Amino acid sequence: MKAYTSNNIRNIAVLGHGGKGKTTLCEAMLYIAGASDRLGRVADGNTVLDFDSEEKRRKSSVSSAIAALEWDNTKLNIIDAPGLFDFEGGAAEAVRAAEAVLIVTSAGSGVDVGTEKAFRAAEKKGAAKFFAVTKTDSDHRNFYKTFDALKEVYGNKLCPTIIPYMEGNITKCYVNLMTGMAFSYDENGKATKVPVPEDSVIEEMTSAFMEAVATTDDALMEKFFEGEKFTKEEILKGLCIGIFDGSIYPVYAVSGLTCAGVDQLLYGLAWSAPGAFGYAGEKCTYENGEEGILPCDENGPLAAVCFKTIADPFVGKMSFFKVVSGKLAPDTAAYNFRTGEIEKMGKIVFVKGAKQEDAPAIIAGDIGVVTKMAGVKTDDTLCDPKNILKLAGVDFPKPCLSMAVKVSKKGEEEKVAAGLTRLMEEDPTITFALNKETREQVLSGLGEQHLDVIVSKLKNKFGVDVTLELPKVAYRETITKPAESDTKYSRQSGGRGQYGHVKIRIEPNPEKGYEFVNEVVGGAIPKEYIGPAEAGIKGAMQSGVLAGFNVVDVKVTLYDGSYHEVDSSEMAFKIAGSMAFKDAMKKAAPVLMEPIMKVSIIVPEDYMGDVIGDVNSRRGQIEGTEMRTGAVQINAFIPLSNMFGYATTLRSKTQGRGQYVMEPSHYAEVPKSIAETVIKDK
């Protein structure tokens, strides 16, 4: 691939609902542009972009994939993102690296959840938005039904750009409203110019296109009202202005499977999609905390963000960079903002799916990969040591489904931890940690399919076989009334014996944790035995009397006791302290406590009733609601034991439109009927 300057580079994130043909369309773009020598098909498992073994097995994308192509003296970096919601992390990576988002849906569809989410992601990033309606040459697929559905949601900003001419249910040709030309396509996607059909629908769409272009410029609007025709240059200028300022969303009719209209889409992206060079610049934060705007200048100081990592045990670590300013080259002194270290450059490559092409450098506005950078993680900023700054990272979704990891072979726990740590490098939407209270290894991700892929990768990449189970809940125990214990530990077995005698008082200490008070006077217990007695008490609190859970929020007062000059020892008083606490706790009306999560759920208003009903069924307490644009945020407190599997339930109840986050809030007493079951099952 020849070298391109930043003003001739376009970074396009391809997003949309699963099964709408994103990868198929990307494969068609690569094939038509000559970047691939065959038209890859998802069903055949031979695509450039779905190259991972998991993707071939599932016949769907599970991670973002990048491929560069050349079209009309422009380099297009196509970033194909997964459409399944369990793999939203890939979409977040794609959006971070792009200036434009191509939202893919299919003819005959309405506005699905994937379209809504893709649009919101593009809007949040401030990226230009394009729509591609695929499968327009299939029988009984109506492009105009989908266009009308999109227009109902997104209004007059929706701008028809490439439209199909149909006779009945058959698409005869595609009309390019930018150029005023029409093309028919054979089964191999080869275009033949044909006359523009005389048709009322085409006339209506042409008028809508011209009006959208005219609204971007006063001079064009005046010309439009006077009935004058626009020149090609005026059309392109108006279109670009509208795309840049967000007042126009071009819509392209295409077919990824037969490549029909794909060449016109490529022209449209090359001509009108913004690149980093055309943007005002990215926001950055300097070392002193001040914020600034960094222009896209390949001769400027280095600033690059790592937006994706692949940690392959055989190929090695691959760090994907979006360079905002300057360039990454083998001799670049790159300062890592997070670590404060100068990073040593590995090999620099451009990628096309799994294939690599050596590159001399990655310049401002471009995307590329640096291999074997051990000290770099996703979200890291590399910058000039003389101009230290930080760029925004990737807006990853938070993991919401947790499962306990069980190894198939004993003794492989460390191997599991090592493998999952490597996988966390390439997928920040998973977390893995040892729960010290339940002694379980807990894996968290975005959904059941997500965790299933992680388990599969763990086996294929690192040779570890595991299963997933519902994690245990870290219940706790506490007391509800004061109690005392007079406990004497005495043992005689010939020779020196063991003697320790303590008197303690325990009482509830709500939300204050553990507190120990020494009220022993007159030397009833020597000072050297006070510490061991407390150690015994604290040890006993690690396993309560109800079900062996940690005991919390208790004040313990050691107020008296006795000792033996010969038989007393630290061990004797430690044992006496432990026995005394357990005895006192049995008298103090102990109860089981459960972790309560603070949950914030965001759903469209139409689903509010169903979601609140479900929260109530989970023993949740609604704290309140907050209205948002087109949605409502439900704030609630829900027991952790009732949150397992909630991600799947929420998606089902809201048709995938709901989302939530949760965090630990407090512990509360478990209802008696549930406590009995927990104690019985322990």
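Biologist: How much of the chain is buried?

Modeller: This is a predicted model. Of the 682 residues in the chain, 53% are buried. The accessible surface comes to about 30500 Å². Carbon and sulfur atoms hold 49% of that surface.

Biologist: What is the secondary structure of the chain?

Modeller: The chain has 16 helices and 37 strands. Its C-alpha atoms fill a box of roughly 110 × 60 × 50 Å along the principal axes.

Biologist: What share of the contacts joins residues 24 or more positions apart?

Modeller: Take the contacts with a separation of 6 or more. Residues 24 or more positions apart account for 71% of them.

Biologist: And the charges? How far apart are the mean positions of the positive and negative ones?

Modeller: There are 80 positive and 93 negative charges. Their mean positions lie 6 Å apart.

Biologist: Which residues of α8 are buried?

Modeller: They are Ile235, Gly238, Leu239, Cys240, Gly242 and Ile243.

Biologist: What do the buried residues of α8 pack against?

Modeller: Both helices and strands. The strands are β5 (128-134), β6 (158-167) and β10 (249-253). The helices are α6 (200-214), α7 (218-225) and α9 (262-272).

Biologist: What follows α8?

Modeller: Gly246 does, and its phi is positive, near 80°.

Biologist: How many disulfides are there?

Modeller: A disulfide is a covalent bond between the sulfur atoms of two cysteines. The count here is zero. Cys240 is in no disulfide, and the nearest cysteine sulfur, that of Cys159, is 12 Å away.

Biologist: Last, where is Lys682?

Modeller: Lys682 sits in the segment after α16 (672-681). Exposed means over 50%. Lys682 is at 58% relative accessibility, so Lys682 counts as exposed.

Biologist: What is Lys682 in contact with, leaving aside neighbours within four places in sequence?

Modeller: Ala547 and Phe549. Phe549 is 133 residues away along the chain, yet the C-alpha atoms of Lys682 and Phe549 are separated by 9.6 Å.

Conventions:
Residues are numbered from 1 along each chain as its sequence is written. This is a predicted model: local features need pLDDT of at least 70, side-chain atom pairs count only at pLDDT 80 or more; totals for chains, interfaces and linings use all residues. Side-chain values use heavy atoms; hydrogens and water are left out. Helices (H or I, at least four residues) and strands (E, at least two) are DSSP runs, numbered from the N terminus. Buried means under 20% relative accessible area, exposed over 50%, partly exposed in between (1.4 Å probe, protein chains only). Contact means heavy atoms within 4.5 Å. Accessible areas come from the Shrake-Rupley method with a 1.4 Å probe; for residues, only the protein chains shown count as cover. Lys and Arg count as positive and Asp and Glu as negative; His and the chain ends are not counted. The place of a charge is taken as NZ of Lys, CZ of Arg, CG of Asp or CD of Glu. A disulfide is a pair of cysteine sulfur atoms within 2.5 Å.
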